Amino acid sequence: MNWFVLSFISAIFSAAGAITEKKSLLNFDPLRFSFWSSFSTLVFTIPFFFFAVYPPNAATSLNFLFFKTILSAGAFYCIMISIKNLEISEALPLLALSPGFIAVFGVLLIGDHLSLRQWSGVLLMLSGTYVLELKKGNNHFFDPIKNLFKGGKYNYIIIALFLFTATSLIDRVLLKDYKLPPYTFMAYQQLFFVVIFGLALIIWRKRNKAAENGIDRNLIILLILVGVFTLIYRYTQIEAVKLAPVALVISVKRLSILFAIIAGGSIFKEDNLYRRIAAAILIIAGTALLA
């Protein structure tokens, strides 16, 4: 199958996953959801263990992967809190800034170099963020920037962006330097997610004696859908990367943000949707230039 078709399929199912997560989180605690959605995805990831290949340094690589997954779990949990508390058309464009963070910190920390075109992409992403935060009553040029840090509204997104930056740089080390095969990477990372969130949930239950809401039939269906959507978008992305450069695949995959904002914003009847769509387009365009 063509790499573009695979990337486009990945984008569609990634968007469907984000909308399903938002729907699930309306009446569910983010930590419990993080555990059960990870468990659901693990069930559908079991076939990946049969294709796992173990390099000579497998023990070291898997230990490093476990450490990296702790950071990824923190990022995922922060995202779930953000999706629960913010409108989906407000949270997702900001989460799309992660390539910009990774690029800038790659320059600062590991000696990466960005071209003029790539710096233009970073500028476009910043412009999209500015448009996203434009509000009636802004009297000064820097008001939208101040809105990002005002009242702690986006604290979890900012934490997630920093964690994503760290984990993406570690991913490069694991896949390139440690030569950990992608199927092995995906299988064990998902297993580690379940272990980490399971331990966190046990600790949370011991500290929080309050009664928990049960998992009803509708929520079980949503969790299964999250698992299926997650498996499909990850698998199609891997298959696309086999056929085309990663930068091209990710550029198409980023369309998932736009799809999720348009569909999710309409489903949940969110405000300022057109402005947020415009902001998302700017950020995605910046991501494409950066790639």
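R276 counts as buried at 7% relative accessibility; buried means under 20% relative accessible area, exposed over 50%, and partly exposed in between, with a 1.4 Å probe and protein chains only. The model is predicted, so local features need pLDDT of at least 70 and side-chain atom pairs count only at pLDDT 80 or more, while totals for chains, interfaces and linings use all residues. Residues are numbered from 1 along each chain as its sequence is written, and side-chain values use heavy atoms, with hydrogens and water left out.

**Salt bridge**

R276 forms a salt bridge with E87, and the closest N and O atoms are 2.4 Å apart. The term stands for a side-chain nitrogen of Lys or Arg within 4 Å of a carboxyl oxygen of Asp or Glu. A search of the whole structure finds one salt bridge. R276 is in helix 13 and E87 in the loop between helix 3 and helix 4, so that the pair links parts of the chain 189 residues apart. Helices (H or I, at least four residues) and strands (E, at least two) are DSSP runs numbered from the N terminus. E87 is partly exposed, at 23% relative accessibility.

**Nonpolar cores**

A nonpolar core is a set of buried Ala, Val, Leu, Ile, Met, Phe, Trp, Tyr and Cys residues joined through side-chain atoms within 4.5 Å. The largest one has 42 residues, and F33, L92, I157 and I261 have the most contacts inside it. Elements that give two or more residues to this core include helix 1 (3-25), helix 4 (88-95), helix 12 (255-267) and helix 13 (273-290). Helix 13 gives the largest share, seven residues. Apart from this core lies another, of 14 residues, among them F48, L65, M186 and A187.

Beyond its neighbours within four places in sequence, L92 is in contact (heavy atoms within 4.5 Å) with A18, I257, A260 and I261.

**Aromatic pairs**

The whole structure holds 17 aromatic pairs. Rings of Phe, Tyr and Trp (its six-membered ring) pair if their centres lie within 6.5 Å; planes under 30 degrees apart count as stacked, over 60 as edge-to-face and the rest as tilted. Two of the pairs are listed here.

| Pair | Centre distance | Plane angle | Class |
|---|---|---|---|
| F13 and F229 | 5.8 Å | 55° | tilted |
| F51 and Y183 | 6.1 Å | 40° | tilted |

F13 lies in helix 1 and F229 in helix 10, so their pair ties together parts 216 residues apart in sequence. F13 is partly exposed at 25% relative accessibility, whereas F229 is buried at 15%. F51 lies in the loop between helix 2 (30-50) and helix 3, and Y183 in helix 9 (residues 182-207), so this pair ties together parts 132 residues apart. F51 is exposed at 59% relative accessibility, and Y183 is buried at 18%. F49, Y54, F66, Y188 and F192 form one aromatic cluster.

**Surface patch**

M1, F4, V5, F8 and I12 form a nonpolar patch on the surface, with about 470 Å² of accessible area together. Such patches join nonpolar side chains (Val, Leu, Ile, Met, Phe, Trp, Tyr) within 5 Å, from residues with over 30% relative accessible area and no salt bridge. I12 is in helix 1 and is partly exposed at 41% relative accessibility.

**Whole chain**

The protein has 13 helices and zero strands. Of its 291 residues, 48% count as buried. Among contacts with a separation of 6 or more, 86% are between residues 24 or more positions apart. The accessible surface comes to about 14,700 Å², of which 69% belongs to carbon and sulfur atoms; areas come from the Shrake-Rupley method with a 1.4 Å probe.

Definitions and conventions. Patches are made of residues with over 30% relative accessible area and no salt bridge: like charges are joined within 9 Å, nonpolar side chains (Val, Leu, Ile, Met, Phe, Trp, Tyr) within 5 Å.
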